[in-house]
Amino acid sequence: MAESNFVDYVKIYCRSGKGGAGSAHLHREKFITKGGPDGGDGGRGGHVILRANRNYWTLLHLKYSRHVYAGHGGSGGASRSFGKDGEDQIIEVPCGTVVFDAETGEFLCEVTEHGEEVVLLKGGRGGLGNWHFRSATNQTPRYAQPGEPAIEKAVIMELKLLADVGLVGFPNAGKSTLLSVVSAAKPKIADYPFTTLEPNLGIVSYRDNRSFVMADIPGIIEGASEGKGLGLRFLRHIERNALLLFMIPADSKDIREEYEILLNEIANFNPELLDKHRVLAITKSDMLDEELTEALKADLPSIPYVFISSVTGQGITELKDILWEELNKEDNKVASLTHRNLDLSHRVKEEDELLLAGDDDDEEEESYEEYDWDE
Ligand SMILES: Nc1nc2c(ncn2[C@@H]2O[C@H](COP(=O)(O)OP(=O)(O)OP(=O)(O)O)[C@@H](O)[C@H]2O)c(=O)[nH]1
Ligand SMILES: [Mg+2]
C-alpha cells in the first residue's frame with residue numbers, strides 16, 4: 001500500500017529553552033575601582049507552544065520534524081542589561097489535536113479552536129543579576145542566579161477529527177457514497193468491504209448557506225472491538241461528533257440486529273458514545289418497493305430514521321433536515337470532549353525508542369534548586 005498522506009499520529013521530542021544566567025558583574029569606572037553590583041538578569045528561555053490552525057487537516061507536516069527546540073535565554077550583562085529572551089517554538093497543528101506524554105501516556109493538553117494556543121513546555125525563567133542581592137551586610141554580592149533549566153519531553157500528538165456527524169456502519173453500507181453526494185469530497189467507492197481505509201471529511205451545505213461537517217470512517221464489523229476487520233482505531237474520530245448517523249443497507253438480513261451489533265461495538269470502544277444523538281439511514285432504498293418499505297418500517301429501532309438512496313437522491317433532503325434538526329437541539333450544542341488516556345503502547349515503534357535514546361545532550365547541570373523563585 002502506498003504511504004498514506006493521512007497522518008493522525010506523530011511522536012515529537014520537544015525541549016523548551018533554558019533561562020539565561022543572571023550576571024554577577026561589579027561596576028567599574030576609571031576612578032571607581034569597586035563600584036556596586038550591576039549585573040543584569042538573564043532572559044527567559046523560549047516556550048514550546050501548540051497552536052491550532054484550521055488550514056491543517058492532518059499531522060503530515062510534523063511527520064519528519066522529530067525534534068522541536070526552543071531557544072535559550074541570553075545571559076544578563078553589565079550595567080544591568082537584560083539577557084535576550086529565547087525564541088519560542090510554535091507547533092502548528094489541526095484543530096482537534098490532543099497531546100500525550102509519550103512515556104506515561106498521560107493527557108497533556110489539546111487545542112480545538114482555530115488560533116488557540118497552549119504552552120506545552122515552559123521556557124526557564126532567567127536568573128536574577130547580582131544587583132538584586134545587595135543587602136546591608138553585603139554591598140558587593142558576587143553571585144547571581146543561574147537561569148531555570150529547560151524542560152524536555154517526548155510527546156505524542158493525535159488528531160481527533162472534528163466533525164458534526166459521524167457515519168457508522170458495516171463495510172459496504174454506502175457511507176462513502178453518501179458523503180460523495182452530499183459534499184464535494186471524493187472518497188473511494190467500490191463494491192467490496194473495507195474500501196475506505198482512512199477517514200474522509202466533507203462539508204455538507206445546507207439551506208441558507210449553512211453547513212455542517214460529516215466524517216466517513218472505515219466500516220465496523222462484529223468483533224471489531226476485539227480487533228477484527230480494521231478494529232476500532234478509527235472510532236476515536238467520531239468521539240467528538242455531535243451526532244452519529246447509523247447506515248444500514250435496505251438489503252440487510254436484519255436491520256434491527258445490525259443496529260444492535262454496531263451499537264455494541266461502539267459501546268465497547270467508549271460507552272460515552274452512547275450518549276450521542278443517533279439517526280438511522282436505511283441506505284440503498286432504491287432496491288425497495290413501497291410494500292417492502294412498509295414491512296421494514298414495522299420493525300425499526302426507535303430512533304429517528306429515513307429511507308435514502310444515494311443513487312436516486314431519494315430521502316437525501318429529508319436526511320439533511322433531520323441531521324440539521326438533531327444537531328441544533330438544545331442538549332446537543334456541544335459535543336462532549338473526552339480526555340481518556342488512550343493506550344498508546346501498541347503504537348510506539350522501535351524507531352521511536354532509538355530516537356529517544358539518541359537524545360542525551362551533556363549539558364552542565366546548574367545548581368538551580370538552591371534558589372527559591374517564589375520568594
Ligand atoms: N443501489 C445502490 N447502491 C449503492 C447506494 N449507495 C452505495 N451503493 C453501492 O454500495 C457499494 C458500497 O458503497 P461504499 O459507499 O463504498 O460503501 P462504504 O460504506 O463506504 O464501504 P466501506 O468503505 O468498505 O466501509 C458500492 O458498490 C456502491 O455503488 C445506493 O444508494 N443504492
Ligand atoms: Mg467507504
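This is a predicted model: local features need pLDDT of at least 70, side-chain atom pairs count only at pLDDT 80 or more; totals for chains, interfaces and linings use all residues.

Mentor: One term to begin with: a residue is buried if 20 or more other C-beta atoms lie within 10 Å of its own, exposed if 12 or fewer, and partly exposed in between, with C-beta atoms placed from the backbone.
Trainee: Okay, so is S79 buried or exposed?
Mentor: S79 is exposed, because it has 11 other C-beta atoms within 10 Å. S79 also has a positive phi of about 55 degrees, although it is not a glycine.
Trainee: And where does S79 sit?
Mentor: In the loop between strand 3 (67–69) and strand 4 (89–93). Helices (H or I, at least four residues) and strands (E, at least two) are DSSP runs, numbered from the N terminus.
Trainee: How about N172, what is its phi?
Mentor: Near 75 degrees, a positive value in a residue other than glycine. N172 lies in the loop between strand 9 and helix 1, and it counts as partly exposed because it has 18 C-beta neighbours inside 10 Å.
Trainee: Changing topic: which residues come nearest to ligand 1?
Mentor: G174, S176, T177, T196 and G219, out of 24 residues around it. Near here means that the C-beta atom, placed from the backbone, lies within 6 Å of the molecule.
Trainee: Which element gives the largest share of that shell?
Mentor: Helix 1 (residues 175–182), with 3 residues.
Trainee: Why does S176 count as buried?
Mentor: Because 25 other C-beta atoms lie within 10 Å of S176. S176 is in helix 1. Not counting residues up to four places away in sequence, S176 touches P187, K188, I189, T195, T196, N200 and D216. Two residues are in contact if their C-beta atoms, placed from the backbone, lie within 7 Å.
Trainee: And T196, where is that?
Mentor: T196 is in the loop between helix 1 and strand 10 (200–206). T196 is buried too, with 22 other C-beta atoms within 10 Å. Leaving out residues up to four places away in sequence, its contacts include K175, S176 and G219.
Trainee: Why is helix 1 largely enclosed?
Mentor: Because 6 of its 8 residues are buried. Those are K175, S176, T177, L178, L179 and V182.
Trainee: What covers them?
Mentor: The cover includes strand 9 (165–169), strand 10, strand 11 (210–216), strand 12 (243–249) and helix 4 (316–327).
Trainee: Last one: how many helices and strands does the protein have?
Mentor: 5 helices and 14 strands. Of its 375 residues, 41% count as buried.

Key. Residues are numbered from 1 along each chain as its sequence is written. Chains are lettered from A and ligands numbered from 1 in the order in which they are written.
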